[in-house]
Structures are given as C-alpha cells and as structure tokens.
Amino acid sequence: MADAVMGPVTGARSARARRFGLRNAMRRKSMIAFTMTLPLILLIALFVVYPALYSLNLATLNRSMERFVGLGNFLFLFNRETFWMVVKQSCIFALTAVLFKAIFGFVVAHFVHNIPTKGQRKWRGMLLVPWVIPPAMSCLAWLWLFDPSYSAFNWIFEKFGIGPIPWTGDAMWARFSVILVNVWIGAPFFMIMYLAALKSVPEQLYEAAAVDGANFWQRTWYVTLPMMRNIIAITALFSLIVTFANFDIVRILTAGGPIDLTHVFATWAFRVGIEVGDIPLGASVSLFMVPILTIAAIFILRDIHRRGNEA
Amino acid sequence: MTAITATAGTSASRKPRRGSISRERRWALRWSYFFLTLFAIFFLVPPVYMLITSLKTSAEISAATNPWWVYRPTLGNYIELLSSPQFLTYFRNSAIVSITVVATTMLISVPAAFALSRMRFWGSATLATGVFLTYLIPETLLFIPLFKMFAVFGDATGIQLINRWWVLLLVYPTLTVPFCTWVMIGYFASIPRELDEAALIDGANYRQVLTRVFIPVALPGLIAATIFAFTVSWAQFLYPLAFTTSTDQLVLPVGIITSLIKGDVFNWGQIMTGALLGAAPPLLIYAFLMDYYIAGLTAGATKG
C-alpha cells in the first residue's frame, strides 16, 4: 500500500516523456511476452506444423522416396479393396463407439447424481478407473479375457450352455470386441463430464417442471438435455476425434486381424508405413483422417468461441 | 435427488399420503444402487482380473480351472518381474521420460500461458487458438512424418534419434504442452486483474508476478496439469512403438507387450503382473489426488 502512495510522484513527469515511456514499456512488454511464448511456438512449429506439412510432401513421393508421383499414392489406395474396408471400419468403429460411450456416460452420470451426495465421491472414484489405467495395459487384460482357449468370459458362458464365443477370431465378433473395449475405456470420461454438467443445472428448473406436472422423461427431454447440450456436444466431438484416431486398442486386441477386417486408419497406416516400410503410402493413409478431424475441430472451435462471447 | 423428490411430488399432490414419497424415493435409490453396482462390475472386471491372474502360477493358469479364483496364490510373478533387469530398465526409462517431460511441459506451458492470458501482444489471440487446435491433432497423424524426419536428421548430422529412448523427450511435449497451456490459460484468466495490478504497482516485474502471484494462486490448476502431463507421457504407446525397438530403449507399455509376448508363448501371469505394475503409478496418483485429476479432466472443455 505504501508504494501506491508514491504513484502521483512519478506521474508528475512531463506528459511527453510519460507517453514515450509508456510506448517503450508496451514494446518491452511485447518482447517479454514473445520470449515467454517462444519455446511453445518453436515446439509446435518443429514437431507439429512441420511434420504435418512434411506428410503432405511425403504422400506425393514413390516408395523409395526419390520420385514425385503426384496423387499416385491416393489413386493406388482408391483401387485397393482393403482401403475401402478400412474407411468403412473406421467410421463404424468411431460412430458406434462414441454413441455408446455417450449413452452409457449419460445413464451412469444420472445414477450417480441420484444417490446421496455423501456416497457420490466413492462411486465416481470407482467408475473412473478404466479411464485412469493406461489403455495399452488395460487392453492386455481384455486380450487375456478374450483369449481363444482360456477366455474367462467363455468359461462363465459355458456354465449357461452358451458355446465358446470367438471374441477376436471372427470378423463380426472382433469388431464388436474393439468397440466394447473402446466404450469401456471412454464411457467414464463422458460420465465425469455429464456429472459436472448435471450439477450445474439449477434445481429451480426441475421444481418448476414438477409443478407443471412433467414426468421423468419430460424432465429429461425438456430440462436436462437442453441445459447440457453444450457439454454433450463438445464431449462427443472431443471423443470423436480421439476415437477416430485411435491406435492402441485395435493394435493390441486384434492387430487389424482377422484378415485386415478390423484395421482403422491409424493401425493400417502403422502397418503400411512402419512395418512394411512404405512411408509415403502410410502418410497418405493417415492423411485421410484429416477431413473428419477438421470438421470436428471446426465445430469445437465454434462452440468455444460462442461460449467465450456469452461470458 | 431433486428428480426423485419431484416424481414423488406429483403423485403426492393428488393423494396426500406421506408414506408414498419416501417409499418411491427409496425404490428409486435402490434401482440407482442396483444399476451402479452393475456398471461398477463392468468397469472393474478387467483390472480385478489382472490382479487375479497375476497371483497365479503358469501351471494353475494352464490347468484351466476356475479362472476367477486363485487356488494357490503366489507372489512369484511379482518377484520375478521386479528382479528382472529388463523390466527394471523399462521402468527406469518410463520414469525418466515421464518426469523429464512433465518438467519440460511446465517450463514451456506456464510462462506461455501467462503471456497469452495477461500480456496481449501481436498475434496472441491467434496463437491461443492455435495452441488449442494443436491439442486436437492426434499423434496418429504425425508419427510417420516424424519417423522420417528423425531418420533424415540422423543421416544428415550423424546424431541417431531413431531407436533411442530420449527421442521421446522431444515428441512427448507435443502431446502435453498444448493441453496444459490451454488449461493454464483458463486458470490464469480467472485470476482477478486487481491482483497482478497491485503487484505491478508494488514494483514487481513480470517474473515476480508469475512466480509470486500467479503460480501460488493457480496451484490447483498447476497440479491438475502436472497430473495430466504425467499420465499422458506414462501411457503413450504409439510413439515408443514406432520410434524404439531395442529392448534396452523401450518404455514400460511397449516393453511389456513386445518382450513378454514371445511368439505364440504367452506367459499370462507375468504379462498381467507387468500390466498391473505399469498401471500402478497413474492409479496411485489418481487414488491420492482424485479431485485434481478430475478437475484437469473437465477443465479441457469447460475452461477457456
């Protein structure tokens, strides 16, 4: 406080000098700010922007990376059946998984919100565990649960007279398995986001709805969902990006098999680019993720800007 | 809670019976607990099964007895793994990489977030949006060009980056820094301006404002960001799988998968033990700092 009293003393300098000093200070402030963000800018430029542009360049080269082939890699992909299978499987995988994560998360969040506040912490803590375990580690547990000869699930089903299920052996079951594991990992995240959103809905709205005679479904449809629309949208979009670009689950559970039927973009790009060694083709495959990611990113940005303006 | 009270309220308005309110509420509660238990079982089966298998001998696993029960529990798998130099190398690599990346992330993102949230300069708003966009770029888009970049760099300078664990120190920050910066911008922006103006009037410079005012006030956010950075670098699987291959250069997740799964021989007892030990650090952090962990999770979408 004592220093504040000294303010007018410095203010007594001539107006011109002060304006000059102010401009100087502004310039210095800009310089300091720029220096503080410089490591961030360098990191993003070197390891994100440059590789992103470089992959555009790589995608136009031939396998030995000596000759420019233009769109040759893309044309080659369009003529391959496996590529279209990967496109289809990636879309099915991402959309189904996000949908079920959203539904599961919403339902679980509701149940947690329903019980007395005292116990909520404990349940929330338990239900978030799948999200905390590194996906590579939990996928190993699932791989072991799905083991063709020692599957612990099949052991239970056998007691009920249900024959052994080929969890990762059959194409349809393998697709189901990778989606199931993805839902298992991702649903807790939705649950946490929705729970935070549920808590922010003012209770008066429910009271008003109850006075108007709304039943449970009406209250969910006309009060809860509209109030949570923003969070639902942004969580689903985030999840869509992450799920669409997912690598760990498919790689560990099925490695793309049986006969490449469960490959998604990321795992197929890894197979083609790193394991087979055709780097340009691998880069082309992963570039096909860009359109969908861009659309999701635009929607997220719009949402964030809109909320920024409301605040 | 409100939802249930409200349902009871509508029926009670017609027939004023006091018993029905509490009875309906009790039933709604019972159903909630019933379904929560079902979900908890679904969510906890894999980690519990990891634990069950990790306590079994190979003989017991291949005997195909009840897989959900341990007849002769043994710590043999744990002792064997924790005394294997290979596994300890993975653990050490993982620990060094994660801790270094956390430190780098904080050193980069905290000053940047401070500058972006408080010191407006030319292009700062664009840069903040750019940081957020970078966070949305998945690693699966960049691993192939990065792989080629490091190979070319190695050929040109003779500094080998591929198949060295420290290449991860360069690439992991791209996964952690954008999110941490974004979250810290949100936390810093919520600090009242009067606080830093008072400090500036008292003669503090920007470094002092950051270290004496902003960091202490935004400490919860800082902890949340640190936890995020640690868990992300500990769990990362694609980059080490693509960039490292020799057994002495691997980090834990890749090490367990590539070295414990030898051909068609799966030693499941050891794999599950390794997986459980690999999951332990994030789980322990979560157990002790749950509130910060959850704050970090929700901050990404709700702050900013």
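Into which domains is chain B divided?

1. Chain B is divided into domain 1 (2-54) and domain 2 (81-302). These bounds come from an automatic or database domain assignment. The model is predicted: local features need pLDDT of at least 70, side-chain atom pairs count only at pLDDT 80 or more, and totals for chains, interfaces and linings use all residues. Residues are numbered from 1 along each chain as its sequence is written, while chains are lettered from A and ligands numbered from 1 in the order in which they are written.

2. The centres of the two domains of chain B, taken over C-alpha atoms, are separated by 39 Å. Their contact takes 4 residues from domain 1 of chain B and 6 residues from domain 2 of chain B. Two residues are in contact if their C-beta atoms, placed from the backbone, lie within 7 Å. The domain 1 side divides into 2 nonpolar, 2 polar and no charged residues. Here Ala, Val, Leu, Ile, Met, Phe, Trp, Tyr, Cys and Pro count as nonpolar, Asp, Glu, Lys and Arg as charged, and the others, Gly among them, as polar.

3. Now the two chains. Their contact takes 84 residues from chain B and 83 residues from chain A. On the chain B side, helix α2 (residues 18-54) gives the largest share, 15 residues. That side divides into 66 nonpolar, 16 polar and 2 charged residues.

4. Chain A has 16 helices and 0 strands. Helices (H or I, at least four residues) and strands (E, at least two) are DSSP runs, numbered from the N terminus. Chain A is more spread out than a compact globule, because its radius of gyration is 27 Å, well over the 19 Å that the globule rule gives for 311 residues. That radius is taken over C-alpha atoms, and the rule is 2.2 Å times the number of residues to the power 0.38.

5. Buried residues make up 41% of the 311 residues in chain A. A residue is buried if 20 or more other C-beta atoms, placed from the backbone, lie within 10 Å of its own. Helix α8 (residues 135-145) of chain A is mostly covered, with 11 of its 11 residues buried. Among them are W142(A) and W144(A).

6. The largest nonpolar core has 170 residues. Such a core is a set of buried Ala, Val, Leu, Ile, Met, Phe, Trp, Tyr and Cys residues joined through C-beta atoms within 7 Å. Y194(A), M184(B) and A275(B) have the most contacts inside it.

Methods: A residue is buried if 20 or more other C-beta atoms lie within 10 Å of its own, exposed if 12 or fewer, and partly exposed in between; C-beta atoms are placed from the backbone.
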